[in-house]
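The stops below are given in the order in which they may be selected.

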Amino acid sequence: MAFRKVRDFLYVMREKNIVREGMEMAFLTLKVFCGLHVANKYLFTIVLPYGPSMLPTLSLNGDLILAERVSTRLGSVDRGDIVLVRSPLHPTVVVTKRLIGLEGDSVSYVVEPGKSDRTDTTVVPKGHVWVEGDNIYASRDSRNFGPVPYGLLEGKFIWRIWPPKDFGSLGPNKTEPISDKDLSSTEAI
Amino acid sequence: MGTQNIMWNYSKRIFTFGLIGITISDRYASVAAVRGSSMSPTFNSSSDTLLDDYVLVEKFCLEKYKFSHGDVVVFSSPQNHKERHIKRIIGLPGDWVGLRHSSDVIKIPQGHCWVEGDNPSSSMDSNSFGPVPLGLVQGRASHIVWPPQRLGAVERKVPEGRLSSS
């Protein structure tokens, strides 16, 4: 009789432990998920850009890039940075472009690269930025859809982490100098 | 030693709940205060600033960026990314919208929407800054949650005569 009571008691205890362990596991999973979300949304993210628009800086595919989300939030991105932009045409898509002009800059660009040398100059309006791909022959960027609102910027590339031979920082080191700006903060409409 | 332990435990707990709270407000829903009278009479129908309406902003619509005419959305201003506005979607890509202060009709480009306040005298809407990229939208106002006597769902209504049918 006493033996059965002890056995039942032990059984109940084990049951309770399993429930408690299950709860603890679920809570731990929740914490890890939330921690990852916050880190990915507010600090760093890893991007796998593909497509020809950023050649030759980024290869067609296979580069793994570490991007940080702090400077876009603080407003400290600068001309020459490679940024993540939520596409103005397809809101579910995030594209990779180089920041060419900030608000108030006047930007000159080749309208139809490869077809003619005609250039156009425009002033970036308030609260907007001008982004272009490094490969102007195969890039849909501000030359097509105009300046984009700053709020669409979602991150700035800092390091290439794969392939290992190209490991290093991705600073504003574009070979062609970014010279077409006069920084006279023209009052934009 | 004991008090230090308690403090440490408390701060760990606060940190954990902070993470969970931020995740919920980013991915699922958050609460935002409505300032100003641009959405009157839907929000802030009285001019009493102490009784600002608070709305529940759901984020599930950001999975696919699918919106309907008449949705009330929160978006960051195209002119200043630090400001957030709350307005009603009048037109979606492909629609033709007549400007309020002139007789021009413009076509809404791909990936954009036309937003206006319910209060015709509101200033900061698409009539001043043009179509807004859908990527700037941060959520859809689904319910009024405060003050309690105004608790209820936000209606999806489409104003008459703003869209020029094509």
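This is a predicted model: local features need pLDDT of at least 70, side-chain atom pairs count only at pLDDT 80 or more; totals for chains, interfaces and linings use all residues.

Begin in chain B by selecting B:Pro147, which is located in the loop that runs between β9 (137–146) and β10 (152–153) of that chain.

Remain in chain B and select B:Tyr65, found in the loop between β2 (54–58) and β3 (72–76). Is B:Tyr65 buried or exposed? With a relative accessible area of 10%, B:Tyr65 falls under the 20% limit and therefore counts as buried.

Now move to chain A and select A:Leu55 together with A:Pro56. These two residues are joined by a cis peptide bond with an omega of about -5 degrees. A:Pro56 belongs to the loop that links β1 (44–47) with β2 (64–68) of chain A.

Next, display both chains and select the residues in contact across the interface. Chain A contributes 25 residues to the contact, and chain B contributes 22 residues. About 2,000 Å² is buried between chain A and chain B, and 69% of this area lies on carbon and sulfur atoms.

Salt bridges across the interface of chain A and chain B number zero by the rule applied.

Hide chain B and keep the side of chain A that touches chain B. Helices α1 (2–43) and α2 (70–74) of chain A each provide at least two residues of this side. The largest share comes from α1(A), with ten residues. By class, the residues on this side of chain A comprise twelve nonpolar, eight polar and five charged.

Finally, colour chain A by pLDDT. The average for chain A is 84, and 89% of the residues score at least 70. Then select residues 175–189 of chain A, where pLDDT stays under 50. For this stretch the model has 21 contacts beyond four places in sequence.

Technical notes: Residues are numbered from 1 along each chain as its sequence is written. Chains are lettered from A and ligands numbered from 1 in the order in which they are written. Side-chain values use heavy atoms; hydrogens and water are left out. Contact means heavy atoms within 4.5 Å. Buried area is the accessible area (1.4 Å probe) that two parts lose on being put together, summed over both. A salt bridge is a side-chain nitrogen of Lys or Arg within 4 Å of a carboxyl oxygen of Asp or Glu. Helices (H or I, at least four residues) and strands (E, at least two) are DSSP runs, numbered from the N terminus. Ala, Val, Leu, Ile, Met, Phe, Trp, Tyr, Cys and Pro count as nonpolar, Asp, Glu, Lys and Arg as charged, and the others, Gly among them, as polar. Buried means under 20% relative accessible area, exposed over 50%, partly exposed in between (1.4 Å probe, protein chains only). pLDDT is the predictor's confidence in each residue, from 0 to 100.
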